[in-house]
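Please read these points with the sequence and the model open beside you. Each point takes up one part of the structure.

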Number of protein chains: 2
Amino acid sequence: VTSTDGYLNRREALSSALAIGCTASGLFGSTVLSATGMESMIDSVNPRLFSFVGGATGPWRVTSSKAIVGEPMPEVSNLQIVNVDVPIASSNQWVLRGITSNERYATREEKNLLLQKQAPIGRPAASLSALIPIRKNAKWWALTQDERRAIFEERSHHVSIGLKYLPAIARRLHHCRDLAETEPFDFLTLFDYDNSNEAAFDDMLAELRATEEWKFIDREVDIRLVKA
Amino acid sequence: VTSTDGYLNRREALSSALAIGCTASGLFGSTVLSATGMESMIDSVNPRLFSFVGGATGPWRVTSSKAIVGEPMPEVSNLQIVNVDVPIASSNQWVLRGITSNERYATREEKNLLLQKQAPIGRPAASLSALIPIRKNAKWWALTQDERRAIFEERSHHVSIGLKYLPAIARRLHHCRDLAETEPFDFLTLFDYDNSNEAAFDDMLAELRATEEWKFIDREVDIRLVKA
């Protein structure tokens, strides 16, 4: 996976973040990044962290951005996806950050089915992509694990629905809820697929959005992307 | 809960963090904190984040610090617990950070039992405290939710053991695994209790450490504290 595919590894992200004029707006103020600063940044950042940078540049062109529930995201022309922490800077319209983590609901049987069928994000033929940030409401987070699992799978068939669309649709889930800085969403899901599977992707979203699980979603934005 | 109890709320933490000479060593370098910087810091930090600051000052005096599994923590005389983000500074020996979150394993039945019996951290009579940072190994995190639950409760009785010691032992769990910056532990558990319950607390730890769940722990430090 190289930058020509629209994805960057952690070292490639170094020059990329510098190129987009990345400045640090951490908790305590701003410091202009140096290349040395970026090197030490990469070493201290959790390797499972990804930043989705909306702005005027980036290898993904935004073809549409729709609020499904709640507030929309500010409009941007391009998106960059990097495996490092990118704080908001004047040259970027927005940054969403999320972290890949252990799965919270799948059983071993479901996980084995997923492993048999799923494809990784970043296949060269997957020229279409979608970033779907969602936030679940306080009622969801107050449920216990068994209650959330029952809604997620036994009543909403989240894994079963997803399985039907594998391997055509690749998916990577990023968690934002437990980052130290307040984030506007709980999850960022990134999908990619080729042109022939765009209708199937829409069908999958329609199925998921009709479930009981989706009644707990209080913000969802659907951002569609094409390889620039 | 006030600072005289050894706990600080978010606004009290402002002056406290300034008093301990807190400087920002974020991802990109260091900036000396201003009061204004602290105000904006508090607004951007997830309200569920806590920092445990080991150093020469703080309302908790460290009476012992023992590595149970893996590397010990550097020795410090005191600990401060604040509900904000405190980056490491020269005046502090170390900072551990963690975030309270939704529960990952308890069923509704177990949760109801816990809610009936549990006490909050910070009771005035609870003059003894323990901070127990742990890290679980890669094998644990590769398990599926049902496999982790089976080890956690059906085979290790984590909740059942804990319930026996309520309300004498109060507990607050902080997650570190999914923070954006790499942290040395996955969980920080804070306990408090009065003098008469110290032996019971040791019994509880002995029970937990003998379980199958604890075979997945590859680092554990047991830090005992007394109100200074």
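**Notes on the predicted model**

1. B:D178 has a relative accessibility of 9% and so counts as buried; buried means under 20% relative accessible area, exposed over 50% and partly exposed in between, with a 1.4 Å probe and protein chains only. B:D178 belongs to the loop between β8 (170–175) and β9 (187–193) of chain B. Helices (H or I, at least four residues) and strands (E, at least two) are DSSP runs, numbered from the N terminus. The side chain of B:D178 makes a polar contact of 2.9 Å with the side chain of A:S101. A polar contact is a pair of N or O atoms within 3.5 Å; within protein, one must be able to donate a hydrogen and the other to accept it, and residues adjacent in sequence count only if both atoms are side-chain atoms. Apart from neighbours within four places in sequence, B:D178 is in contact (heavy atoms within 4.5 Å) with A:R48, A:I99, A:T100, A:S101, A:R104, A:D178 and A:L179.

2. A word on how the model is described. This is a predicted model, in which local features need pLDDT of at least 70 and side-chain atom pairs count only at pLDDT 80 or more, while totals for chains, interfaces and linings use all residues. Residues are numbered from 1 along each chain as its sequence is written, chains are lettered from A and ligands numbered from 1 in the order in which they are written, and side-chain values use heavy atoms, with hydrogens and water left out.

3. Chain A contains seven helices and 10 strands. Of its 228 residues, 57% are buried. Taking contacts in chain A between residues at least 6 apart in sequence, 77% join residues at least 24 apart.

4. Which strands pair with β7(A)? Strand β7 (residues 128–136) of chain A pairs antiparallel with strand β9 (residues 187–193) of chain A over seven bridges. Two strands pair if DSSP finds at least two bridges between them. Here A:S129 has A:D192 of β9(A) as its bridge partner. Seven bridges also link β7(A) to strand β10 (residues 217–227) of chain A, again antiparallel, and in β10(A) the partner of A:R135 is A:R219. Eight of the nine residues of β7(A) are buried. In a regular strand the side chains alternate between the two faces of the sheet.

5. A:L188 lies in strand β9 of chain A and is buried, at 0% relative accessible area. Beyond its neighbours within four places in sequence, A:L188 has contacts that include A:L131, A:I132, A:P133, A:H174 and A:C176. A:L188 and A:F216 are 28 residues apart in sequence, and their C-alpha atoms are 16 Å apart in space.

6. In chain B, B:D192 is part of strand β9. B:D192 is buried, because its relative accessibility is 0%. The side chain of B:D192 reaches the backbone nitrogen of B:G122 at 2.8 Å.

7. Strand β4 (residues 60–69) of chain B is joined to strand β5 (residues 78–82) of chain B by two antiparallel bridges, with B:W60 opposite B:L79. Eight bridges join β4(B) to strand β10 (residues 217–227) of chain B, also antiparallel; there B:S64 stands opposite B:R224.

8. Helix α5 (residues 145–155) of chain A has buried residues, among them A:Q145, A:I151 and A:F152. The buried residues of α5(A) pack against α3 (108–117), α4 (138–142) and α6 (158–164) of chain A, and against α5 (145–155) of chain B. Just after α5(A), A:H157 has a positive phi of about 55°.

9. One cluster is formed by A:Y105, A:W140, A:F152 and A:F216.

10. A:K136 lies over the face of A:W140, 3.9 Å from the ring centre. A charge sits over a ring if NZ of Lys or CZ of Arg is within 6 Å of the ring centre and within 35 degrees of the ring normal. The charged end of A:R172 sits over the ring of A:F50, 3.9 Å from its centre.

Key:
Phe/Tyr/Trp six-rings, centres within 6.5 Å; stacked < 30°, edge-to-face > 60°.
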